[in-house]
Amino acid sequence: VQLQASGGGLVQAGGSLRLSCAASGRTFSSYAMGWFRQAPGKEREFVAAISNGATNTDYADSVKGRFTISRDNAKKTVYLQMNSLEPEDTAVYYCARSRSRLAQRTNYDVWGQGTQVTVSS
C-alpha cells in the first residue's frame, strides 16, 4: 500500500485548502485513515481521523470546527478540508492508514510523503 498526499500550498490566514490522499492497493475500505501534521521544530501531531466506513470521525481540539475529514472508498481517497486557516496551521501534513477500522489517534502503520501547508498572516 502506498499513500500519495497532495493539495498543499500557500494561503492567507482565513483562507481554505483541501488536501487529498490517494491510496494504492485493494484494502483501502477496510481501514481507518488519519491526517497528522508536523510544524518546524515540533513533534508530529494528530489532526483528524475517519473510520473505514466514514461513520465516525475524530478531530484535534485545535482544528475542530474548522477542518473536515472525509473519504471516498470507491476512489480510495481521503480528504481534509481546511477552512479558516491560521498561521499556526503551517506544517507538513501527512496522511496515514490505521491498523484498525476505528477512528483513532494512534496505531497507524502506513504513511504518505507529506504535503506542505503554509498560512501567511
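Why does Lys 76 count as partly exposed? Its relative accessibility is 29%, so Lys 76 counts as partly exposed, a label for anything between buried (under 20% relative accessible area) and exposed (over 50%), using a 1.4 Å probe and protein chains only. Before going on, a word on the ground rules: this is a predicted model, where local features need pLDDT of at least 70 and side-chain atom pairs count only at pLDDT 80 or more, while totals for chains, interfaces and linings use all residues. Residues are numbered from 1 along each chain as its sequence is written, and side-chain values use heavy atoms, with hydrogens and water left out.

Back to Lys 76, then. Look for it in the loop between strand E7 (67-72) and strand E8 (77-82); helices (H or I, at least four residues) and strands (E, at least two) are DSSP runs, numbered from the N terminus. E7 and E8 make a hairpin with four residues between the strands, and there Lys 76 takes a positive phi near 55°. Most residues other than glycine have a negative phi. Ser 84 is another non-glycine with a positive phi, about 50°, and you'll find Ser 84 in the loop between E8 and strand E9 (91-98). With a relative accessible area of 41%, Ser 84 is partly exposed.

Five of its six residues are buried, so E8 is largely enclosed by the rest of the structure. It pairs with E7 in the antiparallel sense over six bridges, and strands count as paired if DSSP finds at least two bridges between them. In that pairing, Phe 67 stands opposite Met 82 of E8. E3 and E8 also pair in the antiparallel sense, over six bridges, with Arg 18 opposite Gln 81 in E8.

Cys 21 is joined to Cys 95, with the sulfurs 2.1 Å apart; the cut-off for a disulfide is a pair of cysteine sulfur atoms within 2.5 Å.

Now for the rings. There are four aromatic pairs, where rings of Phe, Tyr and Trp (its six-membered ring) pair if their centres lie within 6.5 Å, and planes under 30 degrees apart count as stacked, over 60 as edge-to-face and the rest as tilted. In one of them, Phe 36 and Tyr 108 have ring centres 5.0 Å apart and planes at 80°, so the pair is edge-to-face. Phe 36 sits in strand E4 (residues 33-38) and Tyr 108 in strand E10 (residues 108-111), so this contact ties together parts 72 residues apart in sequence. Phe 36 is buried at 6% relative accessibility, and Tyr 108 is buried at 8%. Tyr 108 also pairs with Trp 111, tilted this time, at 6.3 Å centre to centre and 55° between the planes. Trp 111 is partly exposed, at 30%. Ring pairs link Phe 36, Phe 46, Tyr 108 and Trp 111 into a cluster.
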